[in-house]
Amino acid sequence: MLAAGAAGLTLAGLVGMATAQSPATVATAANSTLNETIVVDPQGRTVYELGHETTGHLLCTKANGCFSVWLPVTVGSAKAKLRAGHGVSSKLGVLHRNGMFQVTLGGHPLYRFRPDGSKRGAAGGQGISSFGGTWHVVVTAAGMTPTTPTTSTTPTTTTPTTPTTPTTPTTPYYPPIWL
C-alpha cells in the first residue's frame, strides 16, 4: 500500500512537471454571453486585445499602470513552443518586454482582465475604453472582435391630448406587494 501511494505521488509529480514543460497553448471556447467562440489561455480564461495596439505600437505598459488591471499572457522564454488550438487561425508570436515574454496573436499582444479572475468564460473587460484604446475579447476569426449587441428603436410620435380633470376614486387603491 505504501509503495502504491509513493508511486502515485511520483506519478503526480511527473504529470506536474510535464504540464509545466508543455508548450503554451491558446484555445477556443464558446461564450454564451457574447454569442461568439472566443480565444482563451491554457486555463480557459478569456483573452483580450487592446484596439490600436500592436507589437510596434504598445499602449498598455507597466509604466502607465496598465499591467495592474490587464495581465499580459506570458510564456517562460522567447523559444517557448507555441501551439494554437483548433479554430485559432492567426499566427502566434512572442514579444519580449519588461523582462517577460508576452504572447501575441496576429501581431497583437494578449492580456487577461484581472477582475475576471480565474472564472472561465468571464468577459467583464469587453468594451472598456482605457489606456488609449478599447479592449476586446479575441474571437476565433483572425483578428476580429466580438460584435456588440445592438438594439434598434422605432421612433414614436406623441399626439397632444387635452387635459382632463382628475377624478377622485371612490375606493382606495392599494398597490400590489411583490415578494
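Are Trp 70 and Trp 135 buried or exposed? Select the two residues and have a look: Trp 70 is buried, and Trp 135 is buried too. Keep in mind along the way that this is a predicted model.

**Stop 1: the two tryptophans**

Keep Trp 70 and Trp 135 selected and show their rings. The ring centres lie 3.8 Å apart with the planes at 5 degrees, so this pair is stacked. Now colour by strand: Trp 70 sits in strand S4 (residues 70–72) and Trp 135 in strand S12, so you are looking at a link between distant parts of the chain, 65 residues apart. For Trp 135 the relative accessibility is 0%, and the residue therefore counts as buried.

**Stop 2**

With Trp 135 it forms an aromatic pair of the edge-to-face kind, at 5.1 Å centre to centre and 90 degrees between the planes. This pair also links distant parts of the chain, with Tyr 111 in strand S10 and Trp 135 in strand S12, 24 residues apart. Tyr 111 has a relative accessible area of 0% and is buried.

**Stop 2**

**Stop 3: the nonpolar cores**

Now widen the view to the largest nonpolar core, which has 16 residues. To find your way around, pick those with the most contacts inside this core: Ile 38, Tyr 48, Cys 60, Trp 70, Tyr 111 and Trp 135. Then show the elements that give two or more residues to the core, namely strands S2 (36–40), S3 (48–50), S10 (111–113) and S12 (133–137). For contrast, select Val 39, Val 47, Leu 110 and Val 138, which are among the 12 residues of a second, separate core.

**Stop 4: the disulfide**

Finish at Cys 60, one of the residues with the most contacts inside the largest core. Which residue forms a disulfide with Cys 60? Select Cys 66: the sulfur atoms of Cys 60 and Cys 66 are 1.8 Å apart. Turn the view to look along the S-S bond, where the angle is -100 degrees and the link is left-handed. Cys 60 and Cys 66 are both buried. A search of the whole structure finds 1 disulfide, and with that the tour is done.

Technical notes. Residues numbered from 1 in each chain as written. Predicted model: local features only at pLDDT ≥ 70, side-chain atom pairs only at ≥ 80, totals over all residues. Heavy atoms only, no water. Core = buried A, V, L, I, M, F, W, Y, C linked by side-chain atoms within 4.5 Å. Buried < 20%, exposed > 50% of the residue type's maximum accessible area, 1.4 Å probe, protein only. Helix = DSSP H or I, 4+ residues; strand = E, 2+ residues; numbered from the N terminus. Phe/Tyr/Trp six-rings, centres within 6.5 Å; stacked < 30°, edge-to-face > 60°. Disulfide = S-S within 2.5 Å.
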